[in-house]
Each structure stands twice: as structure tokens, then as C-alpha cells.
Amino acid sequence: MIRVAAVGDLHVGPESAGTYREHLHGIADQADVFLVAGDLTRHGTLEESRVAAGELRDLGLPVIAVLGNHDHHSGLEDAMSGLLRDAGVTVLEGDGTVVDCGGVRFGVAGGKGFGGGFEGRCAGDFGEDMMKQFVRHTKDFSARLGTALLELDADVRVALTHYSPVEDTLEGEPPEIYPFLGSYLMGEAIDAAGADLAVHGHAHKGTEKGMTQGGVRVRNVALPVLQHAYALYRLEMPASVAAPRVEERASVW
């Protein structure tokens, strides 16, 4: 069994230094790996980035994160990623990593992702150049996500993004903003790669549980949705290590 702790949308600021970290005490005793699904900060400033790095430093377990749209707001995402990596956090953007979890190779591929919408209500790669750029950005990311998932030399593969790959987990959000919350293209890439679980944030008013059309379980771990410091998912390893399944969730505050 692999125990996966996950959260997104911490949105830390200078005045909140140490506040979230208080709730992570003992996380290494409860989880094997900690996934952070973007929007660690409010405006992506260096001051906020240092706070985020301090919250996640030396937790005693592997911490794997992606950045969110808020983290890009100040154009300092490279510097922010550097501060997080200096704190021991693995930051993904269209690539992947594998960690050993008790002899099981646990692979994560991910990145921020982007919007575009979902089947029947999505933006098209047509018309003005700005619209084409918008759609192509998601297409390019989804292709890199799919490739990164397939290239993981792992027993278990998890997709970690900030934007949502399905609309199930957006239920509760205004439908008119769905195109800015995620894209079905990421869901197609996750299905094509045969991921075992997909984790995202970004949808503060959404719901936790969803599923891709291909049957991959999706979890929205935005902090306002969880109402807890993180969710804990147990990936049971039944007969075959290549066929894990998601067990019940235990939220921890």
C-alpha cells in the first residue's frame, strides 16, 4: 500500500508563515509521499515563494509539486521553482519523477496545465491567433504530460496538475468559467497513458471526486474543497503491482 497525501491552493502570504506547516506535523508518519497541486502562493512574489518553501521544507517525506496560475502572476516562476528545489521539493513542469515507496516505484508526471474547456463546450484551434495560442498551449502541455507519464519507469503512475483534466470535479463552480478551470485534452492524455490516479487543484468551489472517460480516478485537492490540511489516499496493491486502486480517503487537519 502506498499512502499519498495531497493538497493544492495553499495561497500562502508573508503573514501566514508557519501557519500551514503547523498542520503538517507528523505527516511523514501518515504518508509516503506528499503531492502539492499548485497555487502555493497568492501572487507568485519571491517573498511569498520563500514562505511556501519554508512550509514544505524538511517534512521527512518526498514532496512533489507543480505551480499554479497564481504562482505565475509575477513572472517569477523560475525563481520560485529554484527556491522550492533548494528546500528539497521536486517541481514538475511537463516532466516526471519516480520515488521509492517501500520497494514500489511511485511515479508522478505533471505540471501546471491550462484551460480550454470540455467536450462540446471547449475552445477551438481556429480563428484569431490569440485563440490558437490559447488552445495550442494546452495541446502542447497535454502532449508533454502524456509522454512524461508513459516514460515513467514506475509501478504506479500519477498525474499531478493544477488545472483540472475533467469537469466532474468542477461541479459547484459557475459553468461559464469551466473553460478557465481545465481541459479535456489533459484527461485524454491521462487516459492514453493509463495513469492510476490524477490529482489537481484550482477549483475552490468544486468537488473532490471525479473520473476520466477512461476510468482514471481524479481528485480535486484544492484546500477550500478539502477543508483540511491534506487528503490522504491509499493506493492498495492487490494481486498485481501494476493494478493499484484508490481506497477510501482520510482527511487530516
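This is a predicted model: local features need pLDDT of at least 70, side-chain atom pairs count only at pLDDT 80 or more; totals for chains, interfaces and linings use all residues.
1. The buried residues of α4 are Val135, Thr138, Phe141, Ser142, Leu145, Gly146, Ala148 and Leu149. As a general point, an α-helix has 3.6 residues a turn, so residues three or four places apart point the same way.

2. The length of α4 is consistent with its residue count. Its 23 residues (129-151) should span 33 Å at 1.5 Å a residue, and the end C-alpha atoms lie 32 Å apart, which agrees.

3. The structure contains eight salt bridges. One of them pairs Asp32 with Arg3, with 3.1 Å between the closest N and O atoms. Asp32 belongs to the loop between α1 (27-30) and β2 (33-37), and Arg3 to strand β1 (residues 2-7), so the pair ties together parts 29 residues apart in sequence. Asp32 is partly exposed, at 24% relative accessible area; Arg3 is also partly exposed, at 22%.

4. Glu167 and Arg121 form a further salt bridge, their closest N and O atoms being 3.0 Å apart. Because Glu167 lies in the loop between β9 and α5 and Arg121 in strand β8 (residues 121-122), this pair ties together parts 46 residues apart in sequence. Glu167 is partly exposed, at 26% relative accessibility, whereas Arg121 is exposed, at 53%.

5. Lys139 is in α4 and Asp125 in the loop between β8 and α4, 14 residues apart.

Methods
Residues are numbered from 1 along each chain as its sequence is written. Side-chain values use heavy atoms; hydrogens and water are left out. Helices (H or I, at least four residues) and strands (E, at least two) are DSSP runs, numbered from the N terminus. The expected span of a helix is 1.5 Å times one less than its number of residues. Buried means under 20% relative accessible area, exposed over 50%, partly exposed in between (1.4 Å probe, protein chains only). A salt bridge is a side-chain nitrogen of Lys or Arg within 4 Å of a carboxyl oxygen of Asp or Glu.
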